[in-house]
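Me: I have a structure open on my screen and would like to talk it through. Could you take my questions one at a time and show me how you get to each answer?

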Amino acid sequence: MEDTDFSKIQELLASPQTILLTTHTNPDGDAIGSSLAFYRYLMLKGHSVSMMVPDPFPSFLAWLTDTGKIAVFSQQKEQVLQAISAATVIFSLDYNDLNRLNDAAGPVMASSAIKVVLDHHLYPAEQYDFKFSVTKTSSTAELVFDFIHAMGDEELIDKAIAESLYTGIVTDTGSFSYSCNYVKTYEVIAALFRRGIDGEHIHRLIYDTYSEHRLRLLGYSLSDKLVVLPEYHTAYIWLTSEDLDRFHYRIGDTEGVVNYALSIEGINMAALFSERDNSIRISFRSKGNFSVERIAKDHFDGGGHANASGATSYLSMEETVNRFRNLLPHYRDALSTVYK
Ligand code: MN
């Protein structure tokens, strides 16, 4: 699916703007990587640019260039509110509904700035003036590359921009294991390597940074909290706040845990339920043509991609898990006939 107003956005950026880049709550590698790359590009183009995230990002992304310039709404509210009111253009990167900004959503929606979405998730909200929305792509980072390329500015991509884009693509594809069956993704990767990035080093910076607690939390999740339901080709992991406290949980520590549940042979859908201040965060993953986006959207008011989606539940852990388990009989056939 492709829905872009590129020429209108190009026209908009033809004169210097005061731009605020926003991304989603619980920012991941693609949210941060695409924001940093786009930030640097727009600065090089002579715009006045600031970046905000609703809440903190994981520390394994801190090495990227310009992370010190990202304002965290939950910690620097005044600074962000100022940036919102000064902005003439506000971008949504790696998410497509301003409501996902949580407490920052109100002020952003009330702003008179032109709202632009640059994203790869399904079904962008109608609240945007302009869209650069492409779903058949690896990541928002790849779309930022496409955008810069379409602007005729590929020569502005320096090593710092290339590292941020590479980080977005690597993390959003699980190190090239999903959402990456596109020749073009690898052409973009080749272009980034030509900017002198060190892919092996970046991989170590992103993935070989577990704390002992994080690794033990993973071990505990797999040995004690993994439930496998072979009859439904489904497996899930549930982590209460006590579990997370026990392993001194820090932001990012449950990143990727759900993929282990999906890695079991014959399992076509996996879920991770983790308890955060009075809500349950749910990550869904699936293989092949079984869409967890439908499960997330229809039953948990969430969304995302066909094979990777998320939602937040305000029910208890028990009620949330039960709601999920009760759905499974309805999807039994679809779950057992997954192809590809
Ligand atoms: Mn993404």
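This is a predicted model: local features need pLDDT of at least 70, side-chain atom pairs count only at pLDDT 80 or more; totals for chains, interfaces and linings use all residues.

**Questions about the model**

Me: Is Asp301 buried or exposed?
Reply: A residue counts as exposed when its relative accessible area is over 50%. Asp301 has a relative accessible area of 74%, so Asp301 is exposed.

Me: What is the phi of Asp301?
Reply: Most residues other than glycine have a negative phi. Asp301 is not a glycine, yet its phi is positive, at about 60°.

Me: What about Ser175: what is its phi, and where is Ser175 placed?
Reply: Ser175 is another residue other than glycine with a positive phi, near 55°. With a relative accessible area of 27%, Ser175 is partly exposed. Its place is the loop between H6 and helix H7 (183-193).

Me: Which residues are the protein donors of the manganese ion?
Reply: Donors here are N, O and S atoms within 2.8 Å of the metal. The protein donors lie 2.1 to 2.3 Å from the manganese ion. Three of them give an OD atom and one gives NE2: they are Asp30, Asp94, Asp172 and His120.

Me: How are the donor residues of the manganese ion spaced in sequence?
Reply: Reading the donors in order gives Asp30, Asp94, His120 and Asp172. Written as a pattern, their spacing is D-x63-D-x25-H-x51-D.

Me: Which helices hold Asp30 and Asp172, and how many residues apart in sequence are the parts they tie together?
Reply: Asp30 belongs to helix H2 (residues 29-44), and Asp172 belongs to helix H6 (residues 159-172). Asp30 and Asp172 are both buried. Because they lie in H2 and H6, the pair ties together parts whose separation in sequence is 142 residues.

Me: Is Leu93 buried or exposed, and which residues does Leu93 contact?
Reply: Leu93 lies in strand S5 (residues 89-93). Its relative accessibility is 0%, so Leu93 counts as buried. Leaving aside neighbours within four places in sequence, its contacts are Leu21, Thr22, Thr23, His24, Ser34, Ser35, Phe38, Leu118 and Thr140.

Me: And Gln17, is it buried or exposed?
Reply: Gln17 is placed in the loop between helix H1 (6-12) and strand S2 (18-23). Not counting residues up to four places away in sequence, Gln17 touches Leu12, His47, Ser48, Thr88 and Val89. Its relative accessibility is 14%, and buried means under 20%, so Gln17 counts as buried.

Me: Which residues does Phe290 touch?
Reply: Phe290 is in the loop between S11 and H12. At 5% relative accessibility, Phe290 counts as buried. Setting aside residues up to four places away in sequence, Phe290 touches Met269, Ile295, Ala306, Asn307, Tyr331, Ala334, Leu335 and Val338.

Me: How far apart in space are Arg281 and Gly310?
Reply: Arg281 is in strand S11 (residues 279-286), and it is partly exposed, with a relative accessible area of 24%. Its contacts, apart from neighbours within four places in sequence, include Asn26, Phe273 and Ala311. Arg281 and Gly310 are 29 residues apart in sequence, and in space their C-alpha atoms are separated by 7.5 Å.

Me: What separates the C-alpha atoms of Glu318 and Ser139?
Reply: Glu318 lies in helix H13 (residues 317-327) and is exposed, with a relative accessible area of 61%. Along the chain, Glu318 and Ser139 are 179 residues apart, and their C-alpha atoms are separated by 33 Å.

Me: Now the whole chain: how many helices and strands are there, and what is the radius of gyration?
Reply: The protein chain has 14 helices and 13 strands. The globule rule gives 20 Å for 340 residues, and the chain is close to that, so it is as compact as a globular protein of that length. The radius of gyration is 20 Å.

Me: Last one: what percentage of the residues in the protein chain is buried?
Reply: Residues 24 or more positions apart account for 66% of the contacts with a separation of 6 or more. The accessible surface of the chain comes to about 15,200 Å², with 48% belonging to carbon and sulfur atoms. Of the 340 residues, the buried ones make up 54%.

Methods:
Residues are numbered from 1 along each chain as its sequence is written. Side-chain values use heavy atoms; hydrogens and water are left out. Helices (H or I, at least four residues) and strands (E, at least two) are DSSP runs, numbered from the N terminus. The radius of gyration is taken over C-alpha atoms; the globule rule is 2.2 Å times the number of residues to the power 0.38. Buried means under 20% relative accessible area, exposed over 50%, partly exposed in between (1.4 Å probe, protein chains only). Contact means heavy atoms within 4.5 Å. Accessible areas come from the Shrake-Rupley method with a 1.4 Å probe; for residues, only the protein chains shown count as cover. Donors are N, O and S atoms within 2.8 Å of the metal (3.2 Å for Na, K and Ca); water is not among the atoms, so sites may look incomplete.
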